[in-house]
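Work through the exercises below with the sequence and the model side by side. Try each task before you read its solution.

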Amino acid sequence: MNRKILVTYASRTGSTAQIAEAICQTLIQNGEEAELLPIENVNDLSPYQAVIIGSPIRKSKWLPEAMQFLQNHGAELTRKRVATFTVCITIAMSNTERYQDAVRQWIAPARVLVHPVSEGLFAGRLDFSKLPWTLDTLLFRATVALGVFPKGDHRDWNAVHAWAQDLQPLLLQ
């Protein structure tokens, strides 16, 4: 069987795309055959033995296109080893464990559709220059101004690379 791994992602501002790229690069550097594709460019999963799927959290859930991907490819994903990763600025808040539990609850609908062998939870990057001016982002900006959410880049690249390295034996059995 082909040992190729697909790393696919949904991303709005590029933070999740960069994490997906780091995961794919880690796999390749460790001798695996891996391909990186945005979720909207994935039509066929048959060339892959395993799939890693990532999405940021928006409004306490995965992006709609990521959930649609899971629904569209659900039957095939049940026959492959799958890992998921979630990017959320909430994870960068103090009292991390409490917030990780909340994020795990937010991604429960994704977990129902696929049964991942591993779930990565990563803090993201909050860059308002990449967000549109909408009522939702205006309210979000207000919560950041009040100190509820941390602004800036909180991605932990060491954690991302370590998670990707730990995936190899889980995905390619």
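The model is predicted: local features need pLDDT of at least 70, side-chain atom pairs count only at pLDDT 80 or more, and totals for chains, interfaces and linings use all residues. Residues are numbered from 1 along each chain as its sequence is written, and side-chain values use heavy atoms, with hydrogens and water left out.

**Exercise 1. The whole chain**

Count the helices and strands, and find the share of residues that is buried.

Solution. Start with the DSSP runs: helices are H or I of at least four residues, strands are E of at least two, and both are numbered from the N terminus. The protein has seven helices and eight strands. Next, apply the burial cut-offs: buried is under 20% relative accessible area, exposed is over 50%, and partly exposed lies in between (1.4 Å probe, protein chains only). Of the 173 residues, 49% count as buried. Last, take contacts, meaning heavy atoms within 4.5 Å. Among contacts between residues at least 6 apart in sequence, 79% join residues at least 24 apart.

**Exercise 2. Helix α7**

Check the span of α7, then sort its residues by face.

Solution. The expected span is 1.5 Å times one less than the number of residues. For the 15 residues of α7 (157–171) that gives 21 Å, and the end C-alpha atoms are 21 Å apart, which agrees. Now list the buried residues: Val 160, Trp 163, Ala 164, Leu 167, Gln 168 and Leu 171. The arc is taken from the directions from the helix axis to the C-beta atoms. The face turned away carries the exposed residues Asn 158, Asp 166 and Pro 169. The cover over the buried residues includes β1 (5–9), α1 (15–29) and β6 (118–122).

**Exercise 3. Aromatic pairs**

Classify the ring pair of Phe 122 and Trp 163.

Solution. Rings of Phe, Tyr and Trp (its six-membered ring) pair if their centres lie within 6.5 Å; planes under 30 degrees apart are stacked, over 60 edge-to-face, and the rest tilted. The count comes to three aromatic pairs. For Phe 122 and Trp 163, the centres are 5.7 Å apart and the planes stand at 75°, so the pair is edge-to-face. Phe 122 sits in strand β6 and Trp 163 in helix α7, 41 residues apart. Both are buried. Ring pairs link Phe 85, Phe 122 and Trp 163 into a cluster.

**Exercise 4. Nonpolar cores**

Solution. A core is a set of buried Ala, Val, Leu, Ile, Met, Phe, Trp, Tyr and Cys residues joined through side-chain atoms within 4.5 Å. The largest has 26 residues; those touching the most other members include Leu 6, Trp 62 and Leu 77. β3 and α2 (64–72) each supply at least two residues. The largest share, four residues, comes from α2. A second, separate core of 23 residues includes Ala 20, Cys 24, Leu 27 and Leu 171.
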